[in-house]
Amino acid sequence: MLLDIRNVAKTFAGADAPVLSDVSLALDRGQSLALTGESGSGKSTFLHLAAGLDTPDAGTVAIDGTVLGTLDDAGRARLRRGTVGLVFQQFNLIPSLDAGANIAFQARLAGRHDAAWCAALADRLGLSPHLRKYPEELSGGQQQRVAIARTLAARPALVLADEPTGNLDEATGDAVLTLLLELVAETGAGLLLVTHSTRLADRLEMRRHLSAGRLSQ
Amino acid sequence: MMAAGLQALLSHWRRRPGQLATLILGLALATALWSGVQAINAEARASYDRAAAALGETRHAQLLPAVGETLPQERFVALRREGWLVSPVIDGRIEAAGTSVRLIGIDPLSAPGDVAPRGFKGGNGLAAFMLPPGELYTHPDTAPALAAAVGASVIPAAGIAPGTAIGDVGLVQRLLDRPGQLTRLIVLPDQPLGRPGLDQIAPDMTLRTPDQGSDVARLTDSFHLNLAAFGLLSFAVGLFIVHGAIGLAFEQRRPVFRTLRALGLPLSRLIALLVAELLVLASLAAVLGMVLGYGIATALLPDVAATLRGLYGADVAGSLSLRPAWWAAGLGIALAGTTLAAVGALIRVARLPLLAPAQPRAWARGNAGTIRAQAGAAAVLALVSVLAARYGTGLVAGFAMLGALLLATALILPAILSGALALGARLARGALAEWFWADTRQQLPGLSLALMALLLALAANIGVGTMVSSFRLTFTGWLDQRLASELYVTARDEAEAERLRAWLAPRADAVLPIWSVEARVADAPVFLYGVADHPTYRDHWPLLDALPGVWDAVAAGEAILVNEQLALRQGLAPGDGLPLPGGWTPVIAGIYSDYGNPTGQALIGLDRFTALYPDAPRLRYGLRTDDPQALSRALTEEFGLPPENLIDQAAIKAFSLQVFERTFTVTGALNVLTLAIAGFAILTSLLTLARMRQPQLAPVWALGLTRARLARLEVLRALLLAALTLACAVPAGLALAWALLNVINVAAFGWRLPMHLFPLDWLRLGVLSALAAVLAALWPARRLARTPPSELLKVFAHER
């Protein structure tokens, strides 16, 4: 199993109720799953646990058979570098690098840089004319396409996307999501996408709903 | 409306107490150094003024002997008989309980009213002042020592300079053992008509008008100007911190400003509120800074007082008085500095578009335009500096040149660093290295003010350090040349001097007279020395420039030598003539270096000297001998000379070097404090940037770098920037040293020094600045390494 989450729970300090309670979920290569829920339902927290960015209070998270709880900080960082690709709602590009360098960044960190693949991704995402531009010179849609290219350039086994179209208008968001789904399918990665939009969620193979910290179909 | 607006603005500081502390501390540190130096200067100047006022120097014309230090009392009587309203003064020093006290004797009956010591009542008090045992008015600090040493009644009076006492002329003549002698005559302002001219009745005396100021004040002016310049430099370094802190506070409150305006607060009211807020903060900082400044001045004043006493013979109080003018000046400079630092930020607020996105942009995000503008300003300032060096004269032009040079170097720094970092990024291999260089370049605008402050501090350190070390090297070499005699002996009177000469003739290899008179040449004090024709001088004297056959011409009484400061001050060169008192205008045959001496000096062949100035005391001698210790012992046994009258070469060298080192103790301390302020600037910049850096660092962490590694890279970044800044500071510091040695020293002291390079000192400074940068970076780096993931995740969860 690519992503195997079992009975995780998480409560933030000072909070009255847990943000996640006994949540389990599994995802394999080539599968895509949409996680929906209202604002504050714990979607992003769940995604952060899945990426190894945060640790659960209870339960386990395993990626490709490796239980994240057995890894130290450096081990989790290595796993994120090599296996996980993240797409954020705010794009979170590196402002000091131009679009081309941003796209290649994670692949180079992971030691899997393939210039031809990066160029192909840029071409597919319509970014070729903008590779020398810095993030602040790009539109929101262009920035999100750079973020997607950065994620896929490293050929991650697992793509985790947090509201990837949340900051884009509907038409741009649809186009960006189409490209993301196509490219994930081509690379054979597993995709876990967090969104509050049921319309977008319907475009993925599977769908789960998170409400008050618990998962439902 | 104003209250609500103020509440909204002030709430920022409640949430950011660290930033408030940075702003207040930055301004307080800047004010501290400035006001500390000002307090020292004010105390010293007040002492000079009190001493000068006691002599009436600043208010009344004076008659002084053209040659020598004293005139017979009969001259006073003769001038009075001729109708001149003059009043006698005797001035000299005595040892009292181990300290040197300046005694000033006046005649209360003929002296102008404002010359009498404060507290002196006249009337019945007149008899007590004039009749035995007499009264001495002195500074309260000096009273105990003086009371133990003299028989007269000692009366403490706060208005008198420390180390100075005023009494009746007869009493002081007795205490100084100079019966019937005076040192000067005060010329009263209203003189009767029809009296004969001074050129007829006193051709051997010179008239000094009151507007020429006192000799001590004039001599020490350059020393105080140097201190003031250093204080100003420290203040400028501090202002960089203030500018940065204000800029940050304003940038972070942009959304608040916009909201307040959108809710109906007029722009003018907003600006007024911000100005009022700044003035309140600046006033708080000023008071704190002045308390710190008082502490600095109290710590440094004893060294300054010792320097002024050693170099110039000026008495300065060892303790500080708090003067209202000093408080006012400190407050004023703090408010002016804050205003200067805030002008740019206030203009940006005034131009803030009401409908632009209400998010704070990255603090002081620089762009190529800003860097280009700074580089352009740097080029203009560099040109000003070159023009001031080429065409300017005097200290003011020298300091204008230095100021322009330092400011130009600071302003060009971001462009140089940006270029160097861009080059680094191009040469970098690997994603992380590329990101590191590019990210460092992106941090530059936020750090540039702190780095400019560091550059100024480092350049000042290198410049002043090179100047002091060059001076020390030259000075010690010069002392070896100049102090060729093994022993220096001073007789207590002329009879003893004659016996000494006879006794020494068969026992010493050479007995070299050191006879001198004080004279006024071009209305400035100059010491004229008689010099024997001896290989000691021919072989050792440190000549800078000379005509051929210089020593033969001097020995023959045809020419003289002058010291460098006299030559520079009067624009003299070998071959020129110099009119001397006594109606002789000899040719200048050579110029010699005379470091550490603030006054002019001329050497005259001994025969010519004794012919011209037969009354010159003949008490001092330099002795050449193979066995100075044996000769010293024999002299002591034979003549019973006190230790201070028999000094060996090593003791004089040690004393001279001690004076030298104390002179630069203050400079060294100010140097260290300026560097400390720059270190503080880096720390505060890094701390404030650290919080804003999270949105930039969190994605890199999320993409697979550990927080610990990111923290190490932050430390490395600080180290890299400090190293690059030091690389820029070295040439700037050397340019500063050149200017100090060749422009400022020449204008201030009258001597030019060769420049030596001390790369090991730069290395030490490099290690120090690297250490400062690492220490400054460690705290924010440690915070980054320990930032909980939940905090970093807020970047992605839009909760920031």
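## A four-stranded sheet in chain B

In this predicted model, chain B has an open sheet of 4 strands in the order 12-19-11-20, with antiparallel pairing (strands are DSSP runs of E, at least two residues, and helices of H or I, at least four, numbered from the N terminus; two strands pair if DSSP finds at least two bridges between them). At the edges sit strand 12 (510-513) and strand 20 (646-648) of chain B, each pairing on one side only. From one strand to the next, the twist averages 25 degrees (axes are lines fitted to C-alpha atoms, for helices over the stretch in contact, with angles from 0 to 180 degrees between N-to-C directions).

Strand 11 (residues 487-490) of chain B joins strand 20 of chain B through 3 antiparallel bridges; Val489(B) has Leu646(B) as its bridge partner there. Helix 15 (residues 494-504) of chain B packs on the sheet, touching strands 11, 12 and 19 of chain B (contact means heavy atoms within 4.5 Å).

## The largest core

The largest nonpolar core has 200 residues, and Trp435(B) and Leu528(B) are among those touching the most other members. A core here is a set of buried Ala, Val, Leu, Ile, Met, Phe, Trp, Tyr and Cys residues joined through side-chain atoms within 4.5 Å; buried is under 20% relative accessible area, exposed over 50%, partly exposed in between (1.4 Å probe, protein chains only). Helix 14 (residues 431-482) of chain B gives the largest share, 26 residues.

## Housekeeping

Residues are numbered from 1 along each chain as written, with chains lettered from A and ligands numbered from 1 in written order. Local features need pLDDT of at least 70 and side-chain atom pairs 80 or more, while totals for chains, interfaces and linings use all residues, and side-chain values use heavy atoms, without hydrogens and water.
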